[in-house]
Amino acid sequence: MVAPTANDAAADLVSRLAAQDKTPWYKKPNLRILYLVLMPTCIGVEMTSGFDSSMMNGLQAVDSWDTFFNSPRSTLLGLMSAIYSLGAIVVLPLVPWISDHLGRRMAIVFGSVLMIIGAALQTASQNFAMFVCSRLVLGFGIPFAIVGASSLIGELSHPKERAILGSLFNSCWFIGSIVAAGITLGTFKMDSNWGWRIPSLVQIVPSFLQIGFIFFLPESPRWLIAHGRGEEAYGILATEYAQIERTLDLEKEVAKTSWLELVATSGMRKRLVVGSLLGLFTQWSGNGLTSYYLARILDNVGVTDNHTKNLINLALTCWGFVNATFFALTASRLNRRTVYLIGTLTILLIFTGWTVASSNYAMTSSDASSRAVIAFIFLYSPAYNVCFNALTYPYLVEVFPYHVRAKGIAVFQWFGRMAAFFNQFVNPIGLANAVLLIYFLFPETAHKTLEELSFLYETDIQREQAKRVEEDLGDQVEKRDDDEAGTKSA
């Protein structure tokens, strides 16, 4: 058995320091304030996406909306939903530039302003074309906020809570979804157009919260160090400062500043494949069906009453929030690949049962088959949330090092939005292929700091990283001992 070297000890120093810190975050005033402000500014960004998805589901069961837009079905209904993803696809190449050059906070502000404009236009829509264009503007805004917020959560959080906070980011999708489902349940009987304009207007609220609180939140210390503002960064993350600084120095030495960096080395190409596949899997695992077409699915199994549809939509959303929050607090403690494999296999089994029950209803119109489909819809929620909801953003932050993190998350978003756009017109692809790809291509990232993961595939640079961190920490310890000796002699 090979004994651990000094370099190995230096490489995981921050992990060991974090593990030895037994004081919970809620007993630390700085972390209490930080996490409190993270809620409306970053963790709450996904509320906008959840609101949009649930609202579009609910509006299909609002008679005034259906009448105003002449009962959109098939391609027109697909366009109304898909245009949101198309907007994101168009602007994603610009997102990393804003996030890397202007800062994570300004990316959130920029995206929030665009979403406020889009929601205002959607509320004031006078025809089908205006409604579609407003949703395009909403789509322009969401990736700026998501990339900035997910990066900032990972880069500001204490190592012990980083994965949990990243998981809660996705679970907040359900808060927006619950609010939208509740509002459409309350307005669906209104005869006037305010039955659908009120939900559209409320979509502005999450973006206002982000703009209102964002400047109470510090900028990413990794961004500050990368832009020569080390003293500000030291005040935010003193314990990790040496490791962050040395890691970013190494990243600068090997980094190029263009998108070509993502394909420049074998390690980067592997990261690119993982990010791209994760974007596809999160959308091609069936969530688009329940997110945008629940009302039509229920029609197909004999549930045609609009009140019942809205009740099921609200119940499903509340159930999703409960299990997503539970998994956000627990799943991140487990090995990432294991959770992804178990979740994906479970989804595959659920879809098999769902397909059989739907086929049986189409042939027999039996109540038992209808209830079975609804049961499978509810079972699908925890199977999806345990992996593709709870782990996605923590995993992306861990896989991509700082200098390409915004680009990596943008790639994930691009493939996810492309898959979502395509999903509005077709059913999900087979999940068996996803299981195999996860098994063979996804690396394990659990229980390590972001700096330890920066060179996940580059073992030679890992050794240099460990050496520099060890030397820097040694210098700090020597300086501290000299200071203490001087104090005693005085």
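Ser-125 is buried in this predicted model, with a relative accessible area of 0%. The residue lies in the loop between helix 8 (104-123) and helix 9 (128-156). Leaving aside neighbours within four places in sequence, Ser-125 is in contact with Phe-68, Met-130, Phe-131, Ser-134, Trp-196 and Arg-197.

Not counting residues up to four places away in sequence, Ser-54 touches Ser-177, Ala-180, Ala-181, Asn-313 and Thr-317. Ser-54 and Thr-317 are 263 residues apart along the chain, yet their C-alpha atoms are separated by 8.1 Å.

**Overall make-up**

The protein has 27 helices and zero strands. Of its 490 residues, 56% are buried. Among contacts with a separation of 6 or more, 83% are between residues 24 or more positions apart. The accessible surface comes to about 20,300 Å², and carbon and sulfur atoms account for 66% of that surface.

Helix 17 covers residues 266-283, 18 residues in total. From its first C-alpha to its last, helix 17 reaches 27 Å, close to the 26 Å expected at 1.5 Å a residue. Its buried residues include Gly-267, Met-268, Arg-271, Val-274, Leu-277, Leu-280 and Phe-281.

On the surface, Val-273, Leu-436, Tyr-439, Phe-440 and Leu-441 form a nonpolar patch. Together these residues have about 510 Å² of accessible area. Helix 25 (residues 432-441) gives the most to the patch, with four residues; Leu-436 is in helix 25.

**Aromatic pairs**

The structure holds 26 aromatic pairs. In one of them, the ring centres of Phe-69 and Phe-131 are 4.9 Å apart and the planes are at 55°, so the pair is tilted. This pair links distant parts of the chain, 62 residues apart: Phe-69 is in the loop between helix 5 (63-68) and helix 6 (74-91), and Phe-131 is in helix 9. Both Phe-69 and Phe-131 are buried.

Phe-351 lies in helix 21 (residues 336-364) and Tyr-380 in helix 22 (residues 367-389), so the pair ties together parts that are 29 residues apart in sequence. Phe-351 is buried, with a relative accessible area of 15%, and Tyr-380 is buried at 4%.

Phe-351 and Tyr-380 also belong to one aromatic cluster, formed with Phe-281, Tyr-340, Trp-354, Tyr-384, Phe-388, Tyr-395 and Phe-442. Phe-281 is one of the buried residues of helix 17.

**Salt bridges**

The structure holds nine salt bridges. The table lists some of them.

| Arg-104 | Asp-100 | 3.0 Å |

For Asp-100 the relative accessible area is 13%, while Arg-104 is buried at 0%. A network of salt bridges links Asp-100, Arg-104, Glu-155, Arg-405 and Lys-407.

Asp-299 lies in helix 19 (residues 294-300) and Lys-309 in helix 20 (residues 306-330), so the pair ties together parts that are 10 residues apart in sequence. Asp-299 is partly exposed, with a relative accessible area of 28%, whereas Lys-309 is buried, with a relative accessible area of 6%.

Methods: Residues are numbered from 1 along each chain as its sequence is written. This is a predicted model: local features need pLDDT of at least 70, side-chain atom pairs count only at pLDDT 80 or more; totals for chains, interfaces and linings use all residues. Side-chain values use heavy atoms; hydrogens and water are left out. Contact means heavy atoms within 4.5 Å. Helices (H or I, at least four residues) and strands (E, at least two) are DSSP runs, numbered from the N terminus. Buried means under 20% relative accessible area, exposed over 50%, partly exposed in between (1.4 Å probe, protein chains only). Accessible areas come from the Shrake-Rupley method with a 1.4 Å probe; for residues, only the protein chains shown count as cover. Patches are made of residues with over 30% relative accessible area and no salt bridge: like charges are joined within 9 Å, nonpolar side chains (Val, Leu, Ile, Met, Phe, Trp, Tyr) within 5 Å. A salt bridge is a side-chain nitrogen of Lys or Arg within 4 Å of a carboxyl oxygen of Asp or Glu. The expected span of a helix is 1.5 Å times one less than its number of residues. Rings of Phe, Tyr and Trp (its six-membered ring) pair if their centres lie within 6.5 Å; planes under 30 degrees apart count as stacked, over 60 as edge-to-face and the rest as tilted.
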